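Please look at the sequence and the structure on the screen while I go through a few of its parts.

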Amino acid sequence: MDLKKTKLILQDKTSIELNIIKGTLGQNVIDIRNLSSKGLLTFDPGFNSTASCESKITFIDGDKGTLLYRGFPIDQLASKSNYLEVCYILLNGDVPTKKQFEKFHKIVTRHTMIHEQITRLFHGFRRDSHPMAVMCGVTGALAAFYHDSLDVNIKRHREIAAFRLLSKMPTVAAMCYKYSIGQPFIYPRNDLSYAGNFLHMMFATPCEKYKVNAILESAMDRILILHADHEQNASTSTVRTAGSSGANPFACIAAGIASLWGPAHGGANEACLNMLEEINTVDHIPEFINRAKDKNDSFRLMGFGHRLYKNYDPRAKVMRETCHAVLNTLCMKDNLLEVAIALENIALNDPYFVERKLYPNVDFYSGIILKAMGIPSSMFTVIFAMARTVGWIAHWKEMHDDTMKIARPRQLYTGYDKRKFISKLID
Ligand code: SDX
């Protein structure tokens with residue numbers, strides 16, 4: 001990185017020299033690490049202008065609609081790779097040789113079972129619990145079963161925990177679904193692909209043979225690739241913050257799941273499908289567009305807008321193509337797709353959305369595909385969490401491989417000045 005400098009001129013005419021650091025791609029950053037020693041802090045709620053770390057994993061250019069995993073464009077990975085190869089790339093930094101991939105694939109495949117005692121944990125939840133609540137609880141509880149890989153200071157422990165999480169999240173996710181519908185858990189099968197195994201654990205029953213549909217398997221694999229990582233989003237920043245205290249990997253990933261659940265973040269796919277169902281027909285769209293524009297109405301167009309993308313989310317483009325392909329191949333018509341396409345066209349020609357550069361994001365079309373696969377909307381964010389686990393782990397490992405400092409942001413204090421305490425409880 002070639003350094004340049006800038007000067008911060010203060011009110012008393014003194015100045016502070018700050019280094020400007022240039023990365024491989026994207027905006028330069030002003031290094032403000034020494035600012036607090038000069039008695040100054042920066043103020044940036046929501047971190048819109050703050051780089052919280054240095055990373056080599058994923059790059060996003062929101063203006064151009066670019067998304068690179070370790071330098072590889074998302075559309076190329078979505079069309080030419082598979083989710084486990086993308087996991088290898090995110091975790092190791094480059095494409096695997098055939099031999100490296102076979103070894104990686106074998107380790108992941110052979111660790112998909114979970115400790116049998118964990119199945120009892122599920123029975124402590126109500127059957128009608130939201131699957132995300134169950135997934136969050138069970139993932140955090142994995143630390144109570146896998147004691148032999150909790151010392152985050154030991155690289156081998158970090159590797160073992162990473163493989164356990166990558167291998168077991170589809171099993172936990174499918175168990176959340178089976179538990180919610182009162183069906184028996186289905187064990188993983190080592191002869192199936194990552195996506196195929198997940199569909200098998202979701203939809204197979206002990207009563208008859210279940211054949212994985214190749215179209216749905218490839219669509220699911222692509223959905224997993226599109227959701228695998230997205231640099232310092234809210235849930236990944238949560239995982240990094242939790243990890244910075246030295247918390248164990250299962251606790252950190254559970255924290256990421258909790259953050260992802262929010263409707264402004266990963267919960268938007270479920271909220272978007274519910275919104276499309278509420279709109280239901282194209283002629284209802286204007287009413288919802290007006291509500292989205294009304295400052296007195298908290299309603300937002302779910303699946304629209306993004307902190308970084310001020311252009312089309314490249315994942316939404318691939319998702320829309322996959323949506324058409326799945327529905328056409330399954331000879332399925334879903335009026336929600338018509339509503340979504342009409343909504344997109346209307347919004348993208350409405351000055352409110354155009355001026356604010358609000359485009360469909362990854363969550364806009366994903367729900368329609370998942371619904372076509374027979375997956376209930378309550379499971380959409382569970383699948384997002386399952387796919388994003390590899391990204392969370394990659395950032396968690398990168399943080400540990402780097403010199404790590406505990407995340408401890410400061411604040412702008414606008415509360416009371418020091419004052420004398422006099423209780424009102426004493427007459
Ligand atoms: C994900 O960060 C990531 O990378 C996340 C993610 C990942 O892969 O990890 O990409 C996954 O979370 C995608 C986003 C999913 N969320 C939604 O679809 C929920 C709906 N979208 C919005 O809530 C919103 O767009 C956010 C939260 C996504 C982004 O919010 P910002 O960047 O804080 O933008 P903002 O709230 O400051 O909005 C700017 C303006 C405001 O209007 P004004 O005050 O300027 O008049 O745009 C408006 C907002 O009211 N606006 C919307 C809108 N999104 C923004 N108005 C209507 N509908 C929307 N969806």
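Let me begin with a definition: two strands are said to pair if DSSP finds at least two bridges between them. In general, strands of a sheet pair through backbone hydrogen bonds, either parallel or antiparallel. Please keep in mind that what you see is a predicted model.

With that term in hand, consider Leu68, whose bridge partner in strand 6 is Pro73. Strand 5, which covers residues 66-69, pairs with strand 6 in the antiparallel sense, over two bridges. Both belong to an open sheet of three strands, in the order 4-5-6 and with antiparallel pairing. Strand 4 (58-61) and strand 6 (72-73) stand at the edges with a single partner strand each, so one side of each has no neighbour in the sheet.

Is Ala78 buried or exposed? Its relative accessibility is 7%, so Ala78 counts as buried, the cut-off being under 20%. Leaving aside neighbours within four places in sequence, Ala78 is in contact with Arg222, Ile225, Leu226 and Val318. Ile223 lies 145 residues away from Ala78 along the chain, yet their C-alpha atoms are separated by 8.4 Å.

Which of them provides the largest share? That is helix 6, with five residues. By type, the lining divides into seven nonpolar, two polar and four charged residues.

Finally, I come to an annotation. Under "active site", an unreviewed UniProt entry lists His306 and Asp363. Where is His306 placed? His306 sits in the loop between helix 12 (285-293) and helix 13 (314-329). With a relative accessible area of 23%, His306 is partly exposed. Beyond its neighbours within four places in sequence, His306 is in contact with His230, Asp313, Arg315 and Asn361.

Thank you for your attention.

Methods:
Residues numbered from 1 in each chain as written. Predicted model: local features only at pLDDT ≥ 70, side-chain atom pairs only at ≥ 80, totals over all residues. Heavy atoms only, no water. Helix = DSSP H or I, 4+ residues; strand = E, 2+ residues; numbered from the N terminus. Nonpolar A, V, L, I, M, F, W, Y, C, P; charged D, E, K, R; others polar. UniProt positions renumbered as here; feature names shortened; annotations may be inferred. Buried < 20%, exposed > 50% of the residue type's maximum accessible area, 1.4 Å probe, protein only. Contact = heavy atoms within 4.5 Å.
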